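I opened this notebook to keep a record of what I looked up, one topic at a time. The structure comes first, and my entries come after it.

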Amino acid sequence: LDSIDKGLLELKSTRIDPKKAEGGDFNERWLRQIRGYLGATGGTSADLAIISLIQARFDVYRLVFEQGEIDAEWDWFKERRDIWNFWKAQDKVPPPYTTNETWECKDCAYKLICQTRSRLGV
């Protein structure tokens with residue numbers, strides 16, 4: 001979360017064409033993140049500020065979600081937290097690729113371990 005001064009604000013920089021956002025086509029990872037923030041804070045709206053690097057544009061969008069969307073996202077975050085805490089309490093790595101979203105593994109510190117274990121069938 002990048003600012004809480006006058007409501008929630010999430011700032012993203014991207015090379016994606018800003019016309020996608022103009023049509024309401026936002027990155028789903030960004031939306032999940034924002035809905036998670038809203039679940040944690042109890043709000044239903046946040047601003048998404050997008051810096052488009054290639055086109056040199058700065059746009060801000062007010063996003064408003066239904067409470068049901070926020071609750072579902074917050075439940076997902078809590079489920080992920082519980083899975084992580086369970087395995088960390090046992091000082092073990094979570095099972096590879098079983099409950100993850102595809103983007104979760106991209107920069108994970110355990111990625112190489114998971115890939116190796118998966119290839120070995122461990």
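**Ground rules.** I am working with a predicted model, in which local features need pLDDT of at least 70 and side-chain atom pairs count only at pLDDT 80 or more, while totals for chains, interfaces and linings use all residues. Residues are numbered from 1 along each chain as its sequence is written, and side-chain values use heavy atoms, with hydrogens and water left out.

**The sheet.** I took helices (H or I, at least four residues) and strands (E, at least two) as DSSP runs, numbered from the N terminus, and I took two strands as paired if DSSP finds at least two bridges between them. I found an open sheet of three strands in the order 1-2-3, with mixed pairing. Strand 1 and strand 3 are at the edges with a single partner strand each, so one side of each has no neighbour in the sheet. On average, neighbouring strands are turned by 20° against each other, direction ignored.

I then looked at each pairing in turn. Strand 1 and strand 2 are parallel and share six bridges, and I noted L9 opposite D47 in strand 2. Strand 2 and strand 3 (residues 57-64) run antiparallel and are joined by eight bridges, with S52 opposite R57 in strand 3.

**Cover of strand 2.** I used the word buried for under 20% relative accessible area, exposed for over 50% and partly exposed for anything in between (1.4 Å probe, protein chains only). Strand 2 (residues 45-52) is mostly covered, as six of its eight residues are buried.

I picked A49, which lies in strand 2, and recorded that A49 is buried, with a relative accessible area of 1%. For contact I required heavy atoms within 4.5 Å. Leaving out residues up to four places away in sequence, A49 touches L9, E10, L11, K12, F58, D59 and V60.

**E10.** My next stop was E10 in strand 1 (residues 9-14). Is E10 buried or exposed? At 4% relative accessibility, E10 counts as buried. Its side chain makes a polar contact (a pair of N or O atoms within 3.5 Å, one able to donate a hydrogen and the other to accept it, where residues adjacent in sequence count only if both atoms are side-chain atoms) with the side chain of K12, at 3.1 Å. Beyond four places in sequence, the residues that E10 touches include L1, D2, Y37 and A49.

**Two helices.** I fitted axes as lines to C-alpha atoms, for helices over the stretch in contact, with angles from 0 to 180 degrees between N-to-C directions. Helix 2 (residues 28-41) and helix 3 (residues 67-89) pack at an angle of about 95°, with their axes 8 Å apart. That makes helix 2 roughly perpendicular to helix 3, a label that covers 65 to 115 degrees, whereas under 35 is roughly parallel, over 145 roughly antiparallel and the rest oblique. Among the residues that meet are R32 and L38 in helix 2, and W74 and F77 in helix 3.

**Two loop residues.** I ended with A56, in the loop between strand 2 and strand 3, which has a positive phi of about 55° although it is not a glycine. A56 counts as exposed at 70% relative accessibility. D91, in the loop between helix 3 and helix 4 (111-120), also has a positive phi of about 55° without being a glycine, and D91 is exposed, with a relative accessible area of 69%.
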